[in-house]
Amino acid sequence: MVATENIQGKTLFCCGECGMKYRDREWAEKCEEWCKTHQSCNIEIIAHAVEEKSAFPAREE
Ligand SMILES: [Zn+2]
């Protein structure tokens, strides 16, 4: 099931299978469908995933 995550006021949607995060629920659902069916990730779908690092730059410490 697609989970939502709130990080720094932004909502991301996570694929419940592989944990990839998306800005759009639509993509998270597509990813999850694919992951369940194929037990692998679709490169064209995960291209839409957000990298937490780039979406939310880590603070240098
Ligand atoms: Zn997935």
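## The sheet

Let's start with the strands: three of them form an open sheet in the order E1-E2-E3, with antiparallel pairing. Its edge strands, each pairing on one side only, are E1 (3-7) and E3 (21-22). Here, two strands count as paired if DSSP finds at least two bridges between them. Strands of a sheet pair through backbone hydrogen bonds, either parallel or antiparallel.

E1 and strand E2 (residues 10-14) run antiparallel and are joined by five bridges. Across this pairing, Glu5 stands opposite Leu12 in E2.

## How the model is read

This is a predicted model, where local features need pLDDT of at least 70, side-chain atom pairs count only at pLDDT 80 or more, and totals for chains, interfaces and linings use all residues. Residues are numbered from 1 along each chain as its sequence is written.

## The whole chain

Three helices and three strands make up the chain's elements, and along the sequence they follow the pattern β-β-β-α-α-α. Both kinds are DSSP runs numbered from the N terminus: helices are H or I with at least four residues, strands E with at least two.

Of the 61 residues in the chain, 21% are buried (20 or more other C-beta atoms within 10 Å of the residue's own, with C-beta atoms placed from the backbone).

## Confidence

The predictor's confidence in each residue is its pLDDT, from 0 to 100. The chain has a mean pLDDT of 88, with 84% of its residues at 70 or more.

Notes: Buried ≥ 20, exposed ≤ 12 C-beta atoms within 10 Å, placed from the backbone.
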